[in-house]
Structures are given as structure tokens and as C-alpha cells.
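Please look over the sequence and the model before reading on.

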Amino acid sequence: MVALKDGIQSADAIERLAQVGIIRPETPFASDQVQPASLDLRLGRRAYRVRASFLPGRNHTVRDRLVQLSYHEIDLTGGAILETGSVYIAELQESLSLPPDLSAAANPKSSTGRIDVFTRVITDRSQEFDTIGAGYEGQLFAEISPRTFPVLVRTGTRLSQLRLRKGVVRLSDAELHALHERERIVTSAEPSIQDGVAVSVDLAGFGDDNLIGYRAKRHTGLVDVDKPGSCVAADFWEPLYANPGRTLILDPGQFYILASKEAVHVPPDYAAEMVPFDPLVGEFRVHYAGFFDPGFGHAAAGGDGARAVLEVRSRDVPFILEDGQIVGRLVYERMAERPKVLYGSGAGSNYQAQSLKLSKHFR
């Protein structure tokens, strides 16, 4: 058995957990699959088109529900197109046999969120998405629903990532204040800290042309998830520019890429996560992909001044965003140990030192 310290488990611990069978990959990890504080999850050989999203419930497995809800099986080994507006359940190549003191949580990868592919991890007998209780033993599945662009995926495609936790790891507001005093975790002089650190939206603009973000086009071509730089940005995105009032009206059902006004810093001994949609700040959701690895925005890792890119979708009504409006909160968690490789320091990181950046698929 691996001796684990309390905290978010680092890349080294993830490798050790795989060696002793707590994490059970069907094939050995790819060279860049283990991130500083998370593990990328790979699609398996089969996916299933289903009638609707679901949770199995405490008395059922995912496969029990697939028997009831699946339209047809899809072979992913040669690649398959997942259409917008449809819901799919895919096998994952990683399964778990967690000890009683180790739990896990999942989230979309940054690149997944930035192409508006909504994905969540499901386990047998689960009553929550993306939450894997301590002691869970069994297979992992991914629910996948492309919202804006049809996508091409295949066996081995990585849409989600897994983070493993032992003990109480989340920092209290008092601890966040102390951490900000020591490390300056956001560039706000006096940040709002209440159940996390407030993050606001920048609608003043970047660069000489005052670009504030992008709105996704409809009825576009295909995004191959495994091919960076394969799509022309102008074919998929409409650029948005600052107006005199520094506001933006979010259209219901439209998808936007915006950026935070604050630069974000995650010190090496911590990991962070963007809290999903908070109904207290408006009828929209920000940041589907919420993990920030240790070293994000850290000067020593080449990331001094990294903004949080915001994936924004309005709910049922138009909503006016104003420059500097709070759109989400970052929660910070302790690492069990400092990773040997930080985000941006040779860890296959695509978004270190970013300001306003589309996913790696667009050139």
C-alpha cells in the first residue's frame, strides 16, 4: 500500500497509485498524461448514444442504465464524430480501486471547455457527477455532449482529468487571506474573499484593437480534438471588441470566450479550482474546465501574469455583463507534496502566461 499524505496528490503519487493498482489503466500511461496535480482520462473503445443525461442512482451501475437508455453503440477505435445536441456515454480506459481515505473529483480539461464540449465523469451507483467517493472500486465513464461544434474523437482522446484528495484540503477564507498576503494569488490589491477568491471579467479590452473575447459561430466545421492547430479560428469564432460602456449582452444559448481582469497565481504547494456557476452573480455559467495546476501563473514557471480564460454561457434570458463584474470564485487546496514539475515547466502546458486565448485547436 502507498503511504499518502493529506492533500491533493501530485504526479509522483499518481504514478505510485497506478503501480499498486489503486488506479488501473488498461494500457500504460502516455508520457504526458500525468499532470502536476491531475491525471488525464482517456476514452476507451466504445461509446453509446443515449436518450438523455442520467445518473445511475445508488442501486444501479452505468451499464444497467445503458441497457435502458442507449440508442446504439459506437466504435471509437477508428474515430467517430459526436454531433452537437446529442448525449453520449463513453467508456474510459482508467478504472479505480480507491482506499477508504482517498476520494477523487473530475473536471473537463481546459481545451475541452474552450470548445464547449460538456463532459462529466460518471461512476457506478453514483448520485453526483464528477464526484468519486472514498473507497470506490469500479469503472469510469464519461458523459459527453458537444454544445457548439461537432467533434471527432477516438480511443485515447482525453476530454476529462481526475484529481485525487486525501483529508481536508480546501483553504478557509482566513487561510486564503494569509496566502494572498504571502504570495499575491490574484493581482487585485484587496480581493473579495468569501468562499473563495473573487474573479471578475475584463471588458476593457486587450491590445490596440481592444479585443474582449470571442463568440462561437453556429453551423461550423468539425473540430478534431486530437489535432492542435488544425482549425482556422475565423471559421469558428467571431471576435468581440470593447464598447464605450464596457458591457456585453450575453445571448441565451451562445458560447463566449472571455478573460479575467485579474491575473491568477497558483503557488507550487497549492492547486486551485474555479467554482462553477454561482446563482448569486447572474443567470450564466462560467468556466466548465475548472482545474488550475500548481505553478499556473507562477513567475518561476514562466507564467507571471496568467489570466483565467472564462468559458461563458448565458442561461434562459439575455444578461448584461459589465467590466469588472464578479463572475466566479477560485478555491485553493493544499497539495500533499510539491510537484517536481510545475505547470508550464515542461509539463505539456498550453496556457501558461495566457491572456485571452482560444483552445489549442485554433490557429
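In helix H1, which spans residues 11–19, the buried residues are Ala11, Ala13, Ile14 and Leu17, where buried means under 20% relative accessible area, exposed over 50% and partly exposed in between, with a 1.4 Å probe and protein chains only. These residues lie on the same side of H1, because they cover an arc of only 160 degrees around the axis, the arc being that of the directions from the helix axis to the C-beta atoms.

This is a predicted model, in which local features need pLDDT of at least 70 and side-chain atom pairs count only at pLDDT 80 or more, while totals for chains, interfaces and linings use all residues. Residues are numbered from 1 along each chain as its sequence is written, and side-chain values use heavy atoms, with hydrogens and water left out.

- After H1 comes Gly21, which has a positive phi near 90 degrees.
- An unreviewed UniProt entry annotates residues 6–167 as "domain: 2'-deoxycytidine 5'-triphosphate deaminase N-terminal", and such annotations may be inferred rather than shown by experiment.
- The end C-alpha atoms of residues 6–167 lie 5 Å apart, and this span is 14% helix and 48% strand.

**Helix H4**
- In helix H4 (residues 173–183), Leu176, Leu179 and His180 are the buried residues.
- Their arc around the axis is only 100 degrees, which puts them on the same side of H4.
- Ala174, Glu181 and Arg182 are exposed on the other side of H4.
- Strands S14 (197–200), S20 (270–274) and S25 (326–334) are among what covers the buried residues of H4.
- Arg184, which follows H4, has a positive phi near 50 degrees.

Key:
Helix = DSSP H or I, 4+ residues; strand = E, 2+ residues; numbered from the N terminus. Contact = heavy atoms within 4.5 Å.
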